[in-house]
Amino acid sequence: MAEKKIWILAGEASGDLYGARLARELRAIAAERGDTVRISGMGGPQMAAADIDLKVDSTELGVVGVIEVLKHIFTFVAIFFRLVRAAKQERPDEVVLIDYPGFNLLFALMMYLNRIPVVWYVCPHLWVWGKWRLPVLAKICTKMLVIFPFEEEVFAPTRLRATFVGHPLVDIVEERRNPEIERSPEEFLLLPGSRTMEINFLLRPMLDTISRLAERHPELKFHLSAPREKIARLCDEIYHEYRCKHPDAPAVTISCADTPYWQQRAGTGLAASGTVTVESAIAGLPLVVGYKLNWVTILLASLVVRLYRGYFTMVNIIANRTIYEEFLQHHFSPKELVPAVERILPGGERRAEVEAGMEEVRKLLKPKSSSAARQAALACYDL
């Protein structure tokens, strides 16, 4: 009987979910082969529930943007060196890094220097903001497991073979699909993000947008789904402040941790760009998507970031065409959002096109065999 020591590091909510599923599959493979596996790392509540020995709770580490990262820099540095020291002492057989490139790229380098194999699961979007780093990543990683089919081509010029294992959200969304939930054309879903920064930048323009929509489409009922309690409280504060200034604003119900239900129930939605857009496409929810950042961050990012295939929304990048209309910075305003939403409401001119596009994306992301987590676990286990 062999024993494996595997670390899994995830810094955001989506990575926490993928890491938990990966851990369960790793244990299943170990049991099938008569082995044992000890799994440690960094993650959130999902990974904790999967009985991973968490050395760091990453729940509040999911920040975006130069200014936002600088505010937390000392926390990041302390966690980084604590984990590096622990890895050098424990010498895991491999470290699996899930996305979170700002932290994990440096951690991968430290593991390489200490001769600890690195498997990267969920490729960092270097094809957008850092193609020059691809050869570096190819050198310091042992394996690259990608969840978007086009990413295999991205690494083709390097010596690192990228393997498409399927997107874990395809399995996750299908498993939790409830056939008793019917989509309601009158329900409109707001998904303003999972980070404090996103809520502060995006929720007010979203509220301005639905205020105009309510005037033009009084049958619409508005709901906001937050990923966790802290974000739900912030949304509630901003919404009530908004209602005080705009008494005629439409009613919005706010709930927490029930996004999967509303992705099945709502007829249409307005969302922050991110993993939730891929999740919504798989679930079949037509969206309009946008994003805003601090202007300093945007100005600095413009020097290095390039739209891949001309888009910033992953659903559109996957399909290589516009499925979800997308709006960045000052374009994320009622003037542009309202007509875009009206085009995808039931009966709208783009509704059928978006529905067909979402199904196309789901098929492109589907694992070639079994589940995405199983494929990723096999690739990790057989390092």
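In what order do the seven strands of the open sheet stand? The order is β3-β2-β1-β4-β5-β6-β7, with parallel pairing, where strands (E, at least two residues) and helices (H or I, at least four) are DSSP runs numbered from the N terminus and two strands pair if DSSP finds at least two bridges between them. This is a predicted model, in which local features need pLDDT of at least 70, side-chain atom pairs count only at pLDDT 80 or more, and totals for chains, interfaces and linings use all residues. Residues are numbered from 1 along each chain as its sequence is written, and side-chain values use heavy atoms, with hydrogens and water left out.

- The edge strands, each pairing on one side only, are β3 (53-57) and β7 (162-164).
- Neighbouring strands are turned by 20° against each other on average, direction ignored; axes are lines fitted to C-alpha atoms, for helices over the stretch in contact, and angles run from 0 to 180 degrees between N-to-C directions.
- Four bridges join β4 (residues 94-98) to β5 (residues 118-121) in the parallel sense, and V95 has V118 in β5 as its bridge partner.
- Helix α1 (residues 13-32) lies across β1 (3-10), β2 (36-43), β4 and β5, and runs at about 175° to β2.

- Strands β8 (residues 184-191) and β9 (residues 221-226) pair in the parallel sense over four bridges, with L189 opposite H223 in β9.

Methods: Contact = heavy atoms within 4.5 Å.
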